[in-house]
2 protein chains.
Amino acid sequence: MPVFGYRIYNSTKSETGDEMMSMEHLLSDGIKLTPPSFVRSILKAASDPGVISFAGGLPNPISFPQEDLLVSMERIVKNYGSSVFQYSITAGLPELRQYIADRYNRKFGLHLTIDNIIITTGSQQALDLIAKVLLDKDDGIIVEKPTYLAAIQAFSLNQPVFYPVELTEDGLNLEQLEEALQHHVKFIYTIPEFQNPTGLTYSAENRNRIYEILKNRDIVLIEDDPYGELRFDGEHLPYIGAGRLPDSILLGSFSKTVTPGMRTGFIISENTELLRYISIAKEASDLHTNIFSQYLLWDYLTNNDLDTHIAKIKALYQKQAQAMTNAMDAYFPDTVKYTTPHGGMFLWVTLPEGVSAMKLFPKALERKVAFVPGDPFYIDIENANTMRLNYTNADCETIDEGIRRLGGLLKQL
Amino acid sequence: MPVFGYRIYNSTKSETGDEMMSMEHLLSDGIKLTPPSFVRSILKAASDPGVISFAGGLPNPISFPQEDLLVSMERIVKNYGSSVFQYSITAGLPELRQYIADRYNRKFGLHLTIDNIIITTGSQQALDLIAKVLLDKDDGIIVEKPTYLAAIQAFSLNQPVFYPVELTEDGLNLEQLEEALQHHVKFIYTIPEFQNPTGLTYSAENRNRIYEILKNRDIVLIEDDPYGELRFDGEHLPYIGAGRLPDSILLGSFSKTVTPGMRTGFIISENTELLRYISIAKEASDLHTNIFSQYLLWDYLTNNDLDTHIAKIKALYQKQAQAMTNAMDAYFPDTVKYTTPHGGMFLWVTLPEGVSAMKLFPKALERKVAFVPGDPFYIDIENANTMRLNYTNADCETIDEGIRRLGGLLKQL
């Protein structure tokens with residue numbers, strides 16, 4: 001099956017429905033091609049009181065250890081004084097990078113030092129920096145189909161050619177991957193664990209086969225892993241590239257385990273040459289990540305047991321995911337399929353062929369329930385018959401009621 | 001006098017002295033052209049104990065109201081709970097944007113609402129976002145000569161053609177400005193108040209004449225104003241564009257008045273269409289700026305008097321600037337000229353024609369005193385006879401001793 005390359009054309013115009021404006025001639029081509037977050041408009045519609053929204057992607061507030069963080073705030077101001085408020089180094093607080101290295105070495109069998117780690121302003125910045133360092137206009141990149149919509153945004157600014165490779169229950173479609181690799185491609189962007197938007201996880205075999213395909217090729221593999229710590233079912237699977245593909249990049253984040261509001265993520269790579277360039281790009285982008293938050297996270301992490309904290313989050317998310325799939329079992333017609341997540345925050349619903357989730361959306365809103373239609377997660381599909389649902393931000397009764405409402409609508413199809 | 005356009009070529013190679021490495025073929029053209037911060041290597045050399053360093057650009061810790069910030073931390077966690085740790089909106093905390101609007105309206109005669117303001121991850125991010133939104137490869141931009149080196153970095157990623165316009169005691173060289181405007185130019189980047197690196201301030205007349213030159217042209221004016229609140233001598237001068245050129249952008253920051261470590265700056269513009277694109281670029285870059293820090297700043301600013309706090313900073317900086325110019329009067333030979341700052345953090349030294357500050361640097365280090373040679377602040381000059389000195393981070397006795405050491409060296413020229 002041939003894999004086609006796609007450029008994004010005039011997203012701004014088509015997605016907002018606005019006419020291009022008086023200042024169009026001043027705008028860069030990159031920004032004209034960058035889709036505004038469609039999800040933001042959906043979230044706005046979904047924020048009406050009375051609407052049960054599965055559209056967001058917010059971690060449950062249970063994941064913010066507020067009291068412990070407050071204790072850490074007092075301690076770092078007392079212990080480190082002006083250092084927590086002053087300018088700092090671009091790569092990030094060495095102590096925090098050491099904590100991350102130690103944790104990944106201990107839990108995931110890597111062999112990292114602080115030189116393998118750069119702190120970023122959330123994982124989102126990592127995507128921006130990687131694009132800056134690797135992408136010229138018209139360079140090819142391979143992405144999952146569907147993929148994380150804010151990655152599409154970050155990459156689009158650099159006007160690449162997207163080669164979407166289908167995501168299956170097992171992981172990447174390997175034939176399509178090999179086909180896509182025939183093109184001029186700089187990197188592959190993957191989310192192998194509890195993928196956003198689908199909630200799918202690549203199997204160990206699929207990972208191994210991807211590794212075999214990539215190991216002799218000159219291409220950067222990005223493994224984006226914001227949810228890896230949130231596995232509530234089964235065992236941690238080995239990384240595709242981290243620890244064995246020297247040019248691979250592993251992305252991590254504290255957004256799902258401690259706080260997203262403080263925008264603290266990290267880039268891990270064995271390729272310190274690549275990291276040096278990423279660091280130059282970061283310096284040009286924001287000098288360094290908020291140093292107060294880096295001290296705070298480091299102090300919190302060294303004075304508390306992160307695994308005990310994460311266990312609480314996982315227990316809740318497992319219950320919520322179960323509540324959602326149970327409700328789908330009960331209320332959805334058989335023609336509608338959905339993924340069973342083993343971790344993370346999302347699941348993915350596939351409607352019968354030809355049914356547009358986008359067109360269903362306003363009808364769902366009338367029934368006071370919201371989701372994200374699949375479209376913004378694809379480069380090359382409109383009126384997709386898929387939708388993303390988040391289960392982490394509603395209690396189990398609300399989840400049941402929301403899925404009941406949605407099921408009522410789906411039964412009318 | 002003709003103004004020439006300059007592209008940056010292979011900065012990475014020339015500035016670091018490294019050979020291009022094995023992965024060069026994977027790198028983007030933009031990153032290859034982005035100079036690594038030369039200042040970082042200088043700062044490292046200057047950090048030896050015993051060296052008196054005027055090389056940095058750090059605010060004095062007196063500007064961090066640590067105790068008051070700690071009180072605010074406790075209050076926002078108590079009052080706003082999980083909101084200070086959760087994901088937030090891209091444009092920034094509405095309450096903080098309202099505070100900024102009110103302050104600029106009251107103090108500087110603008111007419112802003114929150115829709116005219118986007119919070120950025122430090123002013124540095126504003127430069128990155130503006131470049132993303134406005135610059136295609138080979139677009140022209142006008143910059144001061146010399147200019148802020150991290151702006152050169154941020155813009156270089158987008159491979160523009162730089163048109164440097166000389167900065168004089170009064171402001172921009174207007175003939176050169178008109179000449180540069182004959183070219184295809186997207187924006188002009190200026191720091192009219194206590195410029196970095198020179199410490200110079202554009203006169204009211206120079207500002208007016210720039211306004212007259214620009215008012216009927218289709219070009220974006222950027223006024224970067226991180227130091228404007230730190231005037232310790234004379235009266236606030238009217239902005240060039242803010243309040244009267246609809247396509248102009250004013251940049252501000254809390255880095256010099258409250259804390260740089262929390263990376264909180266802001267973009268002000270009357271052009272809400274432009275801001276909408278900047279917001280899309282920001283979403284793709286880091287989703288939003290650290291929301292905890294935004295709540296913190298807002299709470300601090302509404303519960304304390306910022307002007308009283310700034311008065312303390314200004315009193316100190318005025319004493320330090322005075323100590324530095326007094327010492328230069330006493331120890332420098334007459335052939336060496338320097339600017340007299342009326343605010344901000346830097347002053348600028350001009351050596352006799354033909355003397356390279358870069359070549360002087362190792363000799364200064366031998367005498368245990370450090371500065372930043374002028375080179376990295378220029379697009380088109382090497383071995384400049386200029387240097388930047390920072391006076392905010394040493395006490396007056398140390399300043400006197402450092403300038404005495406430097407004067408001893410300069411007298412040998």
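**Chain pairing and local geometry in a predicted two-chain model**

B:Leu287 is placed in the loop between α10 and α11 of chain B, where helices (H or I, at least four residues) and strands (E, at least two) are DSSP runs numbered from the N terminus. The model is predicted: local features need pLDDT of at least 70, side-chain atom pairs count only at pLDDT 80 or more, and totals for chains, interfaces and linings use all residues. Residues are numbered from 1 along each chain as its sequence is written, and chains are lettered from A and ligands numbered from 1 in the order in which they are written.

B:Leu287 has a positive phi, near 65 degrees, although the residue is not glycine. B:Leu287 counts as buried because it has 22 C-beta neighbours inside 10 Å; a residue is buried if 20 or more other C-beta atoms, placed from the backbone, lie within 10 Å of its own, exposed if 12 or fewer, and partly exposed in between. A positive phi also occurs at B:Gln159, another residue other than glycine, with a value near 55 degrees. B:Gln159 belongs to the loop between α7 and β4 (161-168) of chain B and, with 20 C-beta neighbours inside 10 Å, counts as buried.

The contact between the chains involves 61 residues of chain B and 61 residues of chain A, two residues being in contact if their C-beta atoms, placed from the backbone, lie within 7 Å. On the chain B side, two or more residues each come from α2 (29-32), α4 (66-80), α6 (122-134), α7 (149-156), α10 (272-286) and α11 (291-303). The largest share, 9 residues, is given by α10(B). By residue class, the side of chain B that touches chain A holds 32 nonpolar, 19 polar and 10 charged residues. In this division Ala, Val, Leu, Ile, Met, Phe, Trp, Tyr, Cys and Pro count as nonpolar, Asp, Glu, Lys and Arg as charged, and the others, Gly among them, as polar.

The same surface serves both copies, since 100% of the contact residues of chain B recur in chain A.

Helix α4 of chain A (residues 66-80) has 15 residues, which at 1.5 Å a residue should span 21 Å; the end C-alpha atoms are 21 Å apart, in agreement. The expected span is 1.5 Å times one less than the number of residues. The buried residues of α4(A) are A:Leu69, A:Ser72, A:Met73, A:Ile76 and A:Val77. Viewed down the axis of α4(A), these residues fall within an arc of 130 degrees and so line one face of the helix, the arc being that of the directions from the helix axis to the C-beta atoms. Their cover includes α11 (291-303) of chain A together with α4 of chain B. The face turned away from the buried side carries the exposed residues A:Glu67, A:Lys78 and A:Asn79. Just after α4(A), A:Gly81 adopts a positive phi of about 50 degrees.

Strands of a sheet pair through backbone hydrogen bonds, either parallel or antiparallel; two strands are taken to pair if DSSP finds at least two bridges between them. Strand β6 of chain B (residues 185-190) is mostly covered, with 6 of its 6 residues buried. Strand β3 (residues 140-145) of chain B runs parallel to β6(B) and is joined to it by 4 bridges, with B:Ile142 opposite B:Ile188. Strand β7 (residues 220-224) of chain B also pairs with β6(B) in the parallel sense over 4 bridges, and here B:Ile188 stands opposite B:Leu221.

Antiparallel pairing is found in an open sheet of 4 strands of chain B, in the order β10-β11-β14-β13. Its edge strands, β10 (337-338) and β13 (372-373), each pair on one side only. β13(B) is linked to β14 (residues 386-390) of chain B by 2 bridges in the antiparallel sense, and B:Pro373 stands opposite B:Met387.

A cis peptide bond runs from A:Asn196 to A:Pro197, with omega near 20 degrees. A:Pro197 lies in the loop between β5 (185-190) and α9 (204-214) of chain A. In chain B, B:Asn196 and B:Pro197 are likewise joined by a cis peptide bond, with omega about 20 degrees.
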